[in-house]
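Notebook open, structure loaded. I wanted to see what sits inside this one and jot it down as I went.

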Amino acid sequence: MTGVTQLPAGVALAATWDPSLAEQYGQVIGAEENGKGASANLGPTVNIDRDPRWGRSFEALSEDPFLNSALDVPEIDGVQSQDVESQVKHFDAYNQETYRNTPADNVIVSDRALHEIYMPSFDAAVTQGDAASVMCAYSYINGSASCNSSYLLTNVLNQLWDFQGFVMSDYGALHARRARSRAPTRSSRSTRITERRWKLTSRTGRSRSAR
């Protein structure tokens, strides 16, 4: 899109350690995308920033799962307060570019490391931020493509986190002819977002528009 603000990179936002600034950051993104007629923001990128050579390193937040979680929730809330859906990405363990989108990009990782390091920021985005959507990743995890992983999409997103939104693949990242989707009605998602804003208002005393 043209005629929009060139905001600082996500890593610069993370360097502020400021959730209120993250919410303002999201509001700017959402307002400008809404003004351009976009219905979804393909972000934030909340992968753990392990390698500066990673092509998405500049737009990711940090290497710390707690800091990422603390910032992605208010950023998502800021975006979605402008009637634009937020799509948190890239689920999961997408941290480097070597052999991208091939079986050779295979992350060998324990369940404990996934849940303690690579998933907390996504967990927060879904369960606290009510992100409308999740983008799956190019990476393979323990031999299974992220976008086809029943463990990630069914066991974690659906059953563990009770995710009510939809999942979209990154460009060309779907490696199966058949894919199932579960997308709730917009009214259901809007109700969840409105409830989230109401909780924020009650907790902080700030007034918020529930669109």
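I started with α5 and listed its buried residues: P120, S121, F122, A124, A125 and V126. That makes 6 of the 8 residues in this helix, which spans 120-127, so I noted α5 as mostly covered. I'm keeping in mind that this is a predicted model.

Next I looked up the nonpolar cores. The largest one has 33 residues, and F91 and W161 have the most contacts inside it. I then checked which elements give two or more residues to this core: α1 (10-14), α2 (19-35), α3 (65-80), β2 (85-91), α4 (111-118), α5 and α6 (150-160). The biggest giver is α3, with 4 residues. Apart from this core I found another, of 8 residues, including A60, A137, C147 and A173.

What does F91 touch, not counting residues up to four places away in sequence? I got M119, F122, V134, M135, C136, A137, S146, L152, V156, L157 and W161. F122, one of the residues F91 touches, was already on my list of buried α5 residues.

Last stop was N41, which lies in strand β1, residues 40-41. Is N41 buried or exposed? Its relative accessible area is 9%, and the cut-off for buried is under 20%, so N41 counts as buried.

Terms used
Residues are numbered from 1 along each chain as its sequence is written. This is a predicted model: local features need pLDDT of at least 70, side-chain atom pairs count only at pLDDT 80 or more; totals for chains, interfaces and linings use all residues. Side-chain values use heavy atoms; hydrogens and water are left out. Buried means under 20% relative accessible area, exposed over 50%, partly exposed in between (1.4 Å probe, protein chains only). A nonpolar core is a set of buried Ala, Val, Leu, Ile, Met, Phe, Trp, Tyr and Cys residues joined through side-chain atoms within 4.5 Å. Contact means heavy atoms within 4.5 Å.
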